[in-house]
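Colleague: I've got a model open and I'd like to learn how to read its interface and its charged pairs. Can you walk me through them?

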Protein chains: 2
Amino acid sequence: MAHTDVPGNDFTALFSTLADDQDSYLKKDSATYASVVGRSFYTQILPSDSIALGWSSWAIHWLRRVPMPIPDHVEISHSRDEEARRAYARQAAADWRDFVAFRGRELAPGSRLVVLTVGLEPDGSSGFTTAFDAIMSALAQFVDDGIITADEVRRMSIPSTGRDEKDFRAPFAPSGRFEGLEIEHLEMMDGEDRFWSQFQSDKDDRAFGANWAEFLRTSMFPILAAAVDDDADADHDRDHTGTRRREFVQQLEASVAAQLAAAPAPMSIPLAMVVLAKRRRSA
Amino acid sequence: MAHTDVPGNDFTALFSTLADDQDSYLKKDSATYASVVGRSFYTQILPSDSIALGWSSWAIHWLRRVPMPIPDHVEISHSRDEEARRAYARQAAADWRDFVAFRGRELAPGSRLVVLTVGLEPDGSSGFTTAFDAIMSALAQFVDDGIITADEVRRMSIPSTGRDEKDFRAPFAPSGRFEGLEIEHLEMMDGEDRFWSQFQSDKDDRAFGANWAEFLRTSMFPILAAAVDDDADADHDRDHTGTRRREFVQQLEASVAAQLAAAPAPMSIPLAMVVLAKRRRSA
């Protein structure tokens with residue numbers, strides 16, 4: 001079992017979980033072995049024809065690089081800036097093509113790769129719309145209050161993108177095959193908002209807001225906070241976060257939690273599942 | 001290429017070096033792939049029959065666990081305590097046997113495993129004698145000065161051991177084979193003291209002491225410092241080291257550097273190289 005992530009990932013935590021968790025596959029099958037590869041998957045990172053089954057979830061929506069700052073929003077699909085949208089679309093297309101090409105080399109003939117990632121809404125957005133509305137509203141308020149500057153907000157760009165069916169199929173046109181792979185299954189679906197399901201049963205609006213705000217703090221706020229100028233002489237903790245960034249994250253979480261609690265609504269979560277298959281070599 | 005170390009190792013530093021160093025094998029051979037396994041090698045950590053060439057250096061001298069505290073020294077081969085010496089010898093024998101057995105499963109038929117580790121001096125010590133003399137002298141002085149307690153010194157034990165030819169051969173007796181492996185080459189040798197070679201040319205006694213003290217601080221002092229009771233309310237840095245432990249390490253480094261600078265002499269560094277070969281399956 002080869003796990004892959006960028007070099008900065010906390011692999012010690014992964015190995016500790018694999019060793020200690022009672023549900024770890026290492027405990028359930030003594031003929032299974034764990035390894036990790038700390039390299040970006042936008043290149044070949046495993047030997048050719050070596051993988052029997054691939055699984056990628058919540059990863060390929062992260063672009064290889066930030067194409068350019070998004071002038072009017074923090075998330076590209078909610079932006080109206082045509083130049084930024086084109087730059088992100090180009091990067092997203094190149095990243096998906098490279099991801100498929102390198103996986104095509106690594107997969108063994110006859111194997112499959114399952115990809116779960118962010119899809120697109122019918123209106124072309126990557127979803128999470130009420131969350132992004134709350135974030136943008138908080139940022140505007142923070143600028144008014146002098147907590148952050150308009151310049152810092154302009155630098156905030158989340159290098160993430162949803163994709164639709166046409167995006168996933170592009171590298172495979174026109175033959176339906178690319179680097180030995182073909183699309184065996186492609187499904188666009190709506191993700192379940194579990195916090196909303198919980199709210200429907202317990203009617204706890206504060207928990208609904210707090211749950212979503214905590215999820216967003218973990219997944220997105222560090223990227224936004226990186227655009228906040230840090231105190232030059234502040235004590236930094238082990239994440240190299242100074243006081244201004246820490247306070248920004250805390251205030252953003254509080255604001256988003258309050259806004260979502262004030263008007264609970266199901267979150268739009270467009271998802272995509274793609275199953276790629278590598279052909280067996282003809283006999 | 002599968003690198004292995006205990007889970008707590010800094011794998012991010014390894015992957016960064018592999019990505020950035022101009023001499024990295026990843027830059028020299030595009031058909032080479034890096035992975036890491038964060039598990040103790042005293043169990044099987046790689047698939048059976050999967051490794052074409054194994055290399056282990058400066059690793060197998062670390063015992064799987066501390067068998068018992070060493071009452072009269074910090075390093076077992078310099079101790080005169082018979083009970084401790086027997087306990088360490090038993091652990092060292094079991095660890096070598098397990099190491100060989102699990103590597104025997106992982107190695108592919110026809111492959112080799114090269115092991116470089118600490119040997120033994122003719123007098124049965126694991127060497128580094130002037131270094132350990134300086135350490136013991138510093139610890140005695142620290143107790144006199146009230147910097148640490150005699151109890152803390154008694155808890156200091158380095159779970160490391162040298163081995164001699166008989167130790168390496170033990171699991172292979174009497175047939176010469178064990179878990180599909182045989183000893184193809186076994187060599188006991190004296191390691192070169194590079195700091196001594198440098199001293200012979202530059203006559204800089206302070207550099208000689210400082211170089212050795214820095215090497216010992218990195219390789220051994222954290223283990224000794226773990227026996228120092230930490231300040232309950234001290235600020236801890238990211239290595240979880242409080243003020244008392246940090247000061248202990250600084251003072252120990254200064255004392256050892258001064259002692260070795262005062263009487264420069266070549267360090268005893270007994271080494272062992274063992275090459276194990278796995279037989280090809282008979283046709």
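This is a predicted model: local features need pLDDT of at least 70, side-chain atom pairs count only at pLDDT 80 or more; totals for chains, interfaces and linings use all residues.

Colleague: How much area do chain B and chain A bury between them?

Modeller: The general idea is that an interface's size is often quoted as the accessible area lost when the parts come together. Here chain B and chain A bury about 1600 Å² between them, and 59% of that is on carbon and sulfur atoms. In residue terms, 22 residues of chain B are in contact with 22 residues of chain A.

Colleague: And how many salt bridges and polar contacts go across?

Modeller: Between chain B and chain A there are zero salt bridges. What you do get is seven residue pairs in polar contact, counting pairs with both residues at pLDDT 80 or more.

Colleague: Which elements of chain B supply the side that touches chain A?

Modeller: Both α1 (11-20) and β2 (35-37) of chain B give at least two residues each to that side. The largest share comes from α1(B), with four residues. Sorted by class, the side of chain B that touches chain A has eleven nonpolar, nine polar and two charged residues.

Colleague: OK, on to the salt bridges. How many are there over all chains?

Modeller: A search of the whole structure turns up 32. When you look at one, check where its partners sit in sequence and how exposed they are. Arg217(A) is partly exposed, at 29% relative accessible area.

Colleague: What about a pair within one helix?

Modeller: Look at Asp151(B) and Arg154(B), which form a salt bridge at 3.1 Å, N to O. They are three residues apart in helix α5 (residues 150-154) of chain B, so about one helical turn separates them. Asp151(B) is partly exposed, with a relative accessible area of 41%, and Arg154(B) is partly exposed too, at 45%. Over in chain A, salt bridges with shared partners join Asp151(A), Arg154(A), Arg155(A) and Asp229(A) into one network.

Colleague: Is Lys166(A) buried or exposed?

Modeller: Lys166(A) is exposed, because its relative accessible area is 59% and the cut-off is over 50%. Its side chain meets that of Asp164(A) in a salt bridge of 3.8 Å, N to O. Asp164(A) is partly exposed, with a relative accessible area of 22%.

Note on methods. Residues are numbered from 1 along each chain as its sequence is written. Chains are lettered from A and ligands numbered from 1 in the order in which they are written. Side-chain values use heavy atoms; hydrogens and water are left out. Contact means heavy atoms within 4.5 Å. Buried area is the accessible area (1.4 Å probe) that two parts lose on being put together, summed over both. A salt bridge is a side-chain nitrogen of Lys or Arg within 4 Å of a carboxyl oxygen of Asp or Glu. A polar contact is a pair of N or O atoms within 3.5 Å; within protein, one must be able to donate a hydrogen and the other to accept it, and residues adjacent in sequence count only if both atoms are side-chain atoms. Ala, Val, Leu, Ile, Met, Phe, Trp, Tyr, Cys and Pro count as nonpolar, Asp, Glu, Lys and Arg as charged, and the others, Gly among them, as polar. Buried means under 20% relative accessible area, exposed over 50%, partly exposed in between (1.4 Å probe, protein chains only).
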